[in-house]
Amino acid sequence: MNMHRYVYPVSCNEIPAIPPSAQVPAIDVHGHYGIWHSSDSTRALADSFASGDGRTVVARACQAHTCVTIVSPLLALVPRGHGQVVAGNDEARQVVAQTEGLLQWAVVSPLEPRSFEQAAELLRLPQCPGIKIHPEEHQYPITEHGQALFEFAAEHGAIVSTHSGEQNSLPADYVPIANDFPEVTLILAHLGCGWDGDLTHQVRAVQASKHGNIFIDTSSERSLYPKLIEWAVKEVGAEHLLYGTDTPLHCAAMYRARIDHADLSLTEKQLILRDNAVRLFQLERTTLCQD
Ligand SMILES: [Zn+2]
C-alpha cells in the first residue's frame with residue numbers, strides 16, 4: 001500500500017490558527033429574534049432554521065464572542081407586507097429588557113403612523129439606540145418616505161438602520177436624504193446586497209455621502225466572497241463598516257470568522273467588530289465587553 005505525504009506547509013506557521021482579533025468582544029449591530037416567515041409556504045423547513053428566540057440569539061452571539069446584539073423583532077417585519085410593527089415593538093421591549101446581551105432597534109414604518117409615537121417612547125430607554133426601517137418587507141419606496149423618517153430620526157437623536165440593496169431601498173436613494181440630515185447616522189445593511197447582482201451599491205453610497213454619516217453593516221451572504229470586506233475597507237475605510245450578522249437568519253459565528261480571518265490589520269478588525277459601534281452608539285463598556 002502506498003503511503004501519502006501529510007505535511008503542514010512551513011509557510012502556514014506564519015499565520016496564527018486563531019487570529020488575535022478573535023479575542024475582541026464584538027458588537028453585532030444587525031440581529032433579529034423571533035419566527036421567520038418567508039412568503040413561500042414550501043420553505044417551512046428553511047424558515048424554521050432562520051427562526052430563534054432571544055436566548056437562542058444570545059447563545060449564538062456567545063459562540064461568536066459577541067457581547068451585544070442589537071435586534072429587531074421578526075414579528076414587526078415579516079411576512080412581507082404583513083409585519084405587526086406595533087405588536088413587535090412591544091414584544092421586543094419585554095424580550096430585550098429580560099435578556100442580557102440584547103439591545104433593541106425600534107421598528108418604524110411610515111405606513112403605520114402609531115409606530116412613530118411608539119418609537120419616540122422606546123428611544124427614551126437606554127436599551128433602544130435607534131430605529132430600524134425596512135422598505136422591502138413593509139413595501140414602500142424610500143424615495144417617498146425617507147424625508148419623514150429622517151426628520152423623525154433627527155428630532156429624536158436616533159441612529160437609522162435600514163435594509164438596503166433592493167429596488168425600494170437602493171443605497172443611492174438614501175444619499176440625498178442623508179446629505180440633508182448630517183446629524184443622522186445611517187447604517188445601510190447588507191454590504192454587497194444588490195437586486196441586480198451589483199456588489200457596489202452600499203460602498204458607492206458611502207463615497208457619495210457629503211458628511212460621512214453613512215455606514216455599512218457586514219450582514220450579507222455576499223460576505224462569502226473572499227475579497228468583498230477587504231475591498232470595501234480599501235474603498236471607504238474600516239471606520240465606515242460595522243459588524244452585523246442577521247442572526248438568527250444566518251450563522252453568527254460564520255460572519256465572525258469572516259472578519260477574524262479577513263486580510264485586514266488588527267486595528268481595522270477592531271474598528272469593524274467593536275470600536276465603531278462603541279463610538280456611534282456611545283456605548284458604555286460593561287464588564288461583558290472588556291477584552
Ligand atoms: Zn436583517
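1. Two strands pair if DSSP finds at least two bridges between them. By that count β4 and strand β5 (residues 159-162) run parallel and are joined by four bridges; strands here are DSSP runs (E, at least two residues), helices likewise (H or I, at least four), numbered from the N terminus. Isoleucine 131 has valine 160 as its bridge partner in β5.

2. A word on the source: this is a predicted model, where local features need pLDDT of at least 70, side-chain atom pairs count only at pLDDT 80 or more, and totals for chains, interfaces and linings use all residues. Residue numbers start from 1 along each chain as its sequence is written.

3. On its other pairing, β4 (residues 130-133) meets β3 (residues 102-107) in the parallel sense, over three bridges. Here alanine 106 stands opposite isoleucine 131.

4. β3, helix α4 (residues 114-122) and β4 form a right-handed β-α-β unit (with the strands pointing away from the viewer, the path from the first strand over the helix to the second runs clockwise). From β4 the chain passes through helix α5 (residues 142-156) to β5, again a right-handed β-α-β crossover.

5. Then the helix pair: the axes of α7 (residues 201-208) and α8 (residues 228-236) come within 10 Å and cross at roughly 10 degrees (axes are lines fitted to C-alpha atoms over the stretch in contact, with angles from 0 to 180 degrees between N-to-C directions). So α7 is roughly parallel to α8, a term for angles under 35 degrees.

Definitions and conventions. Angles under 35 degrees count as roughly parallel, over 145 as roughly antiparallel, 65 to 115 as roughly perpendicular and the rest as oblique.
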